[in-house]
Amino acid sequence: MSLPAATPPPPSPGTPAGDPVLELRALTRTHGSGIAEVHALRGISLSVYPGELVAVMGPSGSGKSTLLTLAGGLDNATSGQVVIEGQDIASLGRKGVAALRRRSVGYVFQDYNLIPALTAAENIALPRELDGVSVRKARKEALAALAEMKLTEIADRFPDEMSGGQQQRVAIARALVGDRRLVLADEPTGALDSETGEAVLALLRTRCDQGAAGVMVTHEPRYAAWADRVVFLRDGSIVDQTLTTGAESLLAAGATGAAGTSGSAGAAK
Amino acid sequence: MSIRHGLLALLERGPRYGSQLRTEFESRTGSTWPLNVGQVYTTLGRLERDGMVVQEGADEAGHDLYAITDDGRAELRSWFGTPVDRTSPPRDELAIKLAMAVGAPGVDIRDVIQSQRHHTLKAMQDYTRLKAQALTDVPANRDEVAWLLVVEQLIFQAEAEARWLDHCESRLVRLAEAAATDPSAEPGPAATRGPARSLTGRTKARR
């Protein structure tokens, strides 16, 4: 079987550009001690670059959620380092971590976690207001973000007036508003039907193509396939990962035999 | 793969010549299954023998044109109306490989599963990239719609495989755990190194 030699992937996939936005260095997390000791993570190292979306997969109990929690500074590692935008969060102290978390990291959860008493635009504007941006400017940014996602019509709706897919897209916009470049997503498509889930993934993909870095935990292969890299966890260790690839992998993947005859295929478009 | 019916479907839209059929077949399926012109003419020859198509003159460039007959139309309608047979599934190399890996000496079946999962996910990433490209604009014609359906079929098929592999892995872990805690159980897929396996120093006689 052969596939069309697609045009090269969108600008980013893979080609790590610049310094990593997130760097995990030999990260270990152990719960309990002695006989009850549980190793949730055993020495994980992972770098995520601007423009890159990384999917983390693995059976339940493999450490996926722990990885995300530590990466976001929501829990402390037993050993190893979490470096966000070049800053080792262990060196920052509690206040510093809180500030970095607020300024640099966006979270997307399975159950959206929008603030019910705020409209879509207000939810997106809130982190910017906390950044110290004026209310008016924050609202302007929020409306621009919504327009970009073609969601202008829901700007003044409250979460309970939106569909799940709309809420999740608002959550992604909120996660990446302002200068935030790192989004951590925990099963972001968990509660969504297949087509809506796909739209959410496409948005996350677009935001990463525009320069953000994303780490997404998922157990759905079809959504993981939107990532540049898929990391497989098992028993707290990375057992394997698909390498970042460009279009050449399409040719390598079985098409080599027919590459000469089907190279003409512009049919993908 | 039914080249035969694919060609009939294209001919129903009007008379065509061989290499034109090849091009149209490939633009429908995104050249996922490339055809060579030889295959097209061999198939046309058989269709002609079976009375499903007739040669019908030539175009101004001198290409021999083929046209569908009433019998051909009836055959095509019956093809669309009949489900593809799934009762005698083709041999699946992966299923055979895993079946053979159960208990095979010197083979860690979880490694076999992981290396396949890696490969399958990578293929899905590639297909998904093609799909994302196809979706950047709303599909403009039926060829683009057809190609989108085909690439999504590849994604869904790969996904089914990836899910099945996940399932195999957790099934094997559970069986190994059960075997470790239930002395009367079959030894089970002892070749797996399930986490529970090392927990028991049990040496009770197996059945």
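The model is predicted: local features need pLDDT of at least 70, side-chain atom pairs count only at pLDDT 80 or more, and totals for chains, interfaces and linings use all residues. Residues are numbered from 1 along each chain as its sequence is written, and chains are lettered from A, with ligands numbered from 1, in the order in which they are written.

**Chain A**

Chain A has nine helices and 10 strands. These are DSSP runs (helices H or I, at least four residues; strands E, at least two), numbered from the N terminus. Of its 269 residues, 46% are buried. Buried means that 20 or more other C-beta atoms, placed from the backbone, lie within 10 Å of the residue's own.

Strand β7(A), residues 182–186, is largely enclosed by the rest of the structure, because five of its five residues are buried. A:Leu182, A:Leu184 and A:Asp186 cover one side. A:Val183 and A:Ala185 are buried on the other.

β7(A) pairs with two strands, listed below. Pairing takes at least two DSSP bridges.

| Partner of β7(A) | Residues | Bridges | Direction |
|---|---|---|---|
| β6(A) | 105–108 | four | parallel |
| β8(A) | 213–217 | five | parallel |

A:Val108 stands opposite A:Ala185. In β8(A), A:Val217 is the bridge partner of A:Asp186.

**Chain B**

An automatic or database assignment sets the domain bounds. It gives domain 1 (3–81) and domain 2 (93–198) in chain B. Five residues from each domain make the contact, which requires C-beta atoms, placed from the backbone, within 7 Å. The C-alpha centres of the two domains lie 37 Å apart.

Conventions:
A residue is buried if 20 or more other C-beta atoms lie within 10 Å of its own, exposed if 12 or fewer, and partly exposed in between; C-beta atoms are placed from the backbone. Two residues are in contact if their C-beta atoms, placed from the backbone, lie within 7 Å.
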